[in-house]
Amino acid sequence: MTHSSPTPITVTKPYLPCLEEFLPYLQDIWSSRQLTNNGVMHQRLEEALASYLKVPYVSLFCNATIALIVAMQALRIKGEVITTPYSFVATAHSILWNQLTPVFVDIDPDTFNINPALIEPAITAKTGLIMPVHVYGQTCRTAEIEEISNNYGIPTIYDAAHAFAVEDCGGSILRHGDLSVLSFHATKVFNTFEGGAIISYDKKIKKRIDLLKNFGIADELTVVAPGINGKMNEVQAAFGLLQLKHVDRAIAKRRNIDRLYREHLADVKGISIPRNDHNLINNYSYFPVLVTPEYKRSRDALYNHFRQHDIITRRYFYPLLSNLNMYQNMPGAIKENLPVANSVSEQVLCLPLYPDMTEEEINTVIGCIKA
Ligand SMILES: *Cc1c(COP(=O)(O)O)cnc(C)c1O
């Protein structure tokens, strides 16, 4: 019997429109000869995203990590940054790259986001910033964070890398805090191959961000700050414009997969599915489950069992940032201080979820968990 070997089921696969659809955009770039530096595609994408995301200002970046670094520069942050250990390494790395000190506080068992009740006790005379993460696109407890931020006069920058198009009952969750940072990496819900953006609410700050991402160059003869090269190029921006046309359909497909997983895994003993009803509108960016001790295998045994069946899941987020070499001596990093984050990190597994996932693939994943 001959049949082509199936491609492995991976945790995510980028959603690509057909290539023909992209060619006219490339044609435009070729005829304009403007390849980067705030070209037409770049300007159009900033406008299109501001309108789609219902936010006033978008500053595009080459990736979210540089955007996070620049966001802290733009607010001239000093000292300590209160953050979560339960995130992708870029969150803490961007703090370190600004020569700031990450201070870890534990997460909330309900959302896996920073626990606001633990922020206040972590504030010191050196605290310069609060940096929460909307993990898996679940909104942080923003009202409580805002109250602390206001009471102490400490700004907040949200790492919103997972939170494209997410809304709570007041609108876009990107409206919270002083700034929010999105990622458009290939693995995210909306992608420009690599890319990112800072969402701002103040025209002056938007201007400072745009200077900082272009070496601090104000005009031909004037350099006003030691900026960096964080620019998004025209091909990426054009791809973003095209992706934006498809993103609603992509999210709808994700929603359907999320629903099927929830239905079929609801009563598997030991598999705990986090709630996702914190938002008004979700983006279904990830499907995390907790593999608890009541399940017949350990989390890592399930991970390996999947691998034997050509299914690549991910332990997002394991290891915990606070357990990495470069962070384990930072304030708050000791395990006893972070019991929830350590426990979730040891049980979590993100299941495959991508818009083009077939029903057969979904059933294969479910079958592996139940078998
Ligand atoms: C993906 C991600 C980033 C980094 O995004 P890049 O665009 O790859 O630099 C930052 N924070 C979180 C939480 C992420 O998941």
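Rings up close

A: Let's start with Y316, which is partly exposed because its relative accessibility is 22%. Here buried means under 20% relative accessible area, exposed means over 50%, and partly exposed is in between (1.4 Å probe, protein chains only). Bear in mind that this is a predicted model: local features need pLDDT of at least 70 and side-chain atom pairs count only at pLDDT 80 or more, while totals for chains, interfaces and linings use all residues. Residues are numbered from 1 along each chain as its sequence is written, and side-chain values use heavy atoms, with hydrogens and water left out.

Y316 belongs to a cluster in which ring pairs link Y86, F112, Y136, Y286, Y316 and F317. Rings of Phe, Tyr and Trp (its six-membered ring) pair if their centres lie within 6.5 Å; planes under 30 degrees apart are stacked, over 60 edge-to-face, and the rest tilted. The structure holds 17 such aromatic pairs. One of them joins F164 and F184 edge-to-face, at 6.2 Å centre to centre with 85° between the planes. That pair links distant parts of the chain, 20 residues apart: F164 is in the loop between β6 (157–159) and β7 (167–168), and F184 is in the loop between β9 and β10. Helices (H or I, at least four residues) and strands (E, at least two) are DSSP runs, numbered from the N terminus. F164 counts as buried because its relative accessibility is 3%, and F184 is buried because its value is 0%.

Back to Y316: its ring centre is 5.9 Å from that of Y286 and the planes are at 90°, so this pair is edge-to-face. The pair also links distant parts of the chain, 30 residues apart, with Y286 in the loop between β13 (271–272) and β14 (287–291) and Y316 in the loop between β15 (311–312) and α9 (339–347). At 15% relative accessibility, Y286 counts as buried.

Rings meet charges too. The charged end of R299 sits over the ring of Y318, 4.6 Å from its centre, and that of K213 sits over the ring of F61 at 5.5 Å. The test is NZ of Lys or CZ of Arg within 6 Å of the ring centre and within 35 degrees of the ring normal.

Now follow the loop that holds Y316 on to α9. In α9, A341, N342, V344, S345 and Q347 are buried. Those buried residues pack against β14, α8 (299–308) and β16 (348–351), where contact means heavy atoms within 4.5 Å.

And the cysteines? A search of the whole structure finds zero disulfides, a disulfide being a pair of cysteine sulfur atoms within 2.5 Å. The sulfur of C368 is 17 Å from the closest cysteine sulfur, in C350, which is too far for a bond. C368 is buried at 5% relative accessibility, whereas C18 is partly exposed at 44%.

Finally, N363 is in helix α10 (residues 359–370). N363 is partly exposed, with a relative accessible area of 44%. Its C-alpha atom is separated by 61 Å from that of L221, 142 residues apart along the chain.
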